[in-house]
Amino acid sequence: MSTVPADLKYTKSHEWIRTEADGTLTIGITDHAQEALGDIVFLELPEAGRSVTAGEAVAVIESVKAASDIYAPLDGEIVDSNAAAVDAPETINTDAYANWLFKLRPADGAAVEALLDSTAYEAEIAKA
Amino acid sequence: MSKQTPLHRAHIDAGARMVDFAGWEMPVNYGSQIEEHHAVRRQAGMFDVSHMLALDLRGADAKKFLRTLLANDVAKLATPGKALYACMLNPAGGVVDDLIVYHFAEDRFRLVVNAGTADKDLAWIQERIDRDAADVDLAPRRDLAMIAVQGPQARQRCWQAIAGSQAASDGLAPFHATEFDDLLIARTGYTGEDGFELALPSARAPGLWRALMQAGVVPCGLGARDTLRLEAGMNLYGQDMDEDTSPLDAGLGWTIDFKDEGRHFVGREPLENNGARRRMLGLVLEDKGVLRAHMKVTTEHGEGLTTSGSFSPTLQKAIAFARLPLAVAPGEQVQVDIRGRPAEARTVKLPFVRKGQCLV
């Protein structure tokens, strides 16, 4: 059974989102997503400074099985990406919530409230 | 509703992630497919291959019939128990299926065919038996389960798990099979490692699976099976070749036996007329990323296409099979289009890995 921490926000495309004290968003993939992907072997993450729109494919995760796009949850600007995860992509399989992919400064900080909460995301993955 | 093998319960109990494969509910992994892959390269792993179909052929014309049905020549199977890898072609020279044929006696053979093509194969073979009015009885053996135990320690652990089996099978040469009680023990596989493929009555399969686990054999899913066969340079039907592909263009020329000029096997004429038009080689990716099937390859001699690709756990690099212009040689630099991004790769002779050793 995959874990869904209560203090995070989520998307239907299986990203998790954490709002930091400075208003930026830290984004990764959910435990459910890593389990479905299988062994992760390669990451392609966005460069800092890139402007993105909600729903835009900004990163690629390659597992042994397949390549999957990762989407920006909101409009904004990429401010950082996780080089440590690029060097050791398998750490996402070990702990999908500790190993984030990129950070985003949202154009509208309040928009994060409209994302799925843990209960809604749990309901979403129960449907699948 | 997907079909289930006699080992379905055992897979669920072992925590398998199940997927649909050719209409069968099969384990894709039991946690990490990379760890399962390494278990086979380094110790021993096992695969439920009961979704594949064993077809027994009996009758006075069995050998004669198979000499025209298959593009490889069963006349090579001089000793009882000897096995042969062969393609079954259509009249246009395309591949209907690839299979292993076991020779038990001059009038008794077994074919083991792919799950996805089993119904088609059965109809195809029966139709040819009827048309030739051959004295051959064709019997699908859905009553059998099959377990492939593979790895450098596979045989040792089978002997540990199956009382009395060592005396029956320790003299068995590669590509030979022997009957032991109600078990068929074959020294064959699809991983590039040593090991056995075991066929037995379905009711006995869960017990054997448990005994093998107790002997330290790691359950492995279809995910590891795919990366192992890819490293071993072995084709997957439906992906690396199909009814529209000549075996000569798919790296299977070594399985087509033209020696006996009087042997008019199905598909012979188009193969002789056309010859090979493409060449299959391995690719090792030198840039970052993962190779997959259907990626465009640009070479100095024209374009080609990958047919299978993945991340190789043994090489720790992406690898692929590619169907390329005939003039391309091993050791050439080529470019692969990875979702719009050009990446550098090197052509190599297959296989990539054999018996735990990296060959490229």
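Which residues are buried in α2(B)? In this predicted model, the buried residues of α2(B) are B:Gln33, B:Ile34, B:Glu36, B:His37, B:Ala39, B:Val40 and B:Arg41. The helix is thus described as mostly covered, with seven of its 10 residues buried. Its cover includes β2 (24-29), β3, β9, β13 and α8 of chain B.

## Helix α2 and helix α8 of chain B

Helix α2 (residues 33-42) of chain B packs against helix α8 (residues 222-231) of chain B, the axes being 8 Å apart and the angle about 55°. The angle makes α2(B) oblique to α8(B). The crossing in which α2(B) passes α8(B) is right-handed. On the α2(B) side, B:Gln33, B:Glu36, B:His37 and B:Val40 take part, and they meet B:Gly223, B:Ala224, B:Thr227 and B:Leu228 of α8(B). By class, this contact comprises three nonpolar residues, four polar residues and one charged residue.

Helix α8 of chain B also contains B:Arg229. This residue counts as partly exposed because it has 19 C-beta neighbours inside 10 Å, whereas a buried residue needs 20 or more. Leaving aside residues up to four places away in sequence, B:Arg229 touches B:Tyr190, B:Thr191, B:Met234 and B:Leu236. Between the C-alpha atoms of B:Arg229 and B:Gly282, which lie 53 residues apart along the chain, the separation is 13 Å.

## The six-stranded sheet of chain B

Chain B has an open sheet of six strands with mixed pairing, in the order β10-β11-β12-β9-β3-β13. Its edges are formed by β10 (177-180) and β13 (218-219) of chain B; each has a single partner strand, so one side of each lacks a neighbour in the sheet. Within the sheet, strand β9 (residues 144-150) of chain B pairs with strand β12 (residues 195-201) of chain B in the antiparallel sense, over seven bridges. In this pairing B:Val149 stands opposite B:Phe196 of β12(B).

Helices also pack on this sheet. Helix α2(B) touches β3 (45-48), β9 and β13 of chain B, and its direction makes about 115° with that of β3(B). Helix α5 (residues 154-161) of chain B touches β9 and β12 of chain B, its direction making about 35° with that of β12(B).

| Strand paired with β18(B) | Bridges | Residues opposite each other |
|---|---|---|
| β15(B), residues 296-299 | two bridges | B:Thr298 and B:Gln335 |

## Contact between the chains

How many residues of chain A are in contact with chain B? Eight residues of chain A are in contact with 12 residues of chain B. The chain A side of this contact has four nonpolar residues, one polar residue and three charged residues.

Definitions and conventions:
Residues numbered from 1 in each chain as written. Chains lettered and ligands numbered in written order. Predicted model: local features only at pLDDT ≥ 70, side-chain atom pairs only at ≥ 80, totals over all residues. Contact = placed C-beta atoms within 7 Å. Nonpolar A, V, L, I, M, F, W, Y, C, P; charged D, E, K, R; others polar. Axes fitted to C-alpha atoms, helices over the stretch in contact; angles between N-to-C directions. Helix = DSSP H or I, 4+ residues; strand = E, 2+ residues; numbered from the N terminus. Parallel < 35°, antiparallel > 145°, perpendicular 65-115°, else oblique. Left-handed = near helix turned anticlockwise from the far one by under 90°. Pairing = 2+ DSSP bridges. Buried ≥ 20, exposed ≤ 12 C-beta atoms within 10 Å, placed from the backbone.
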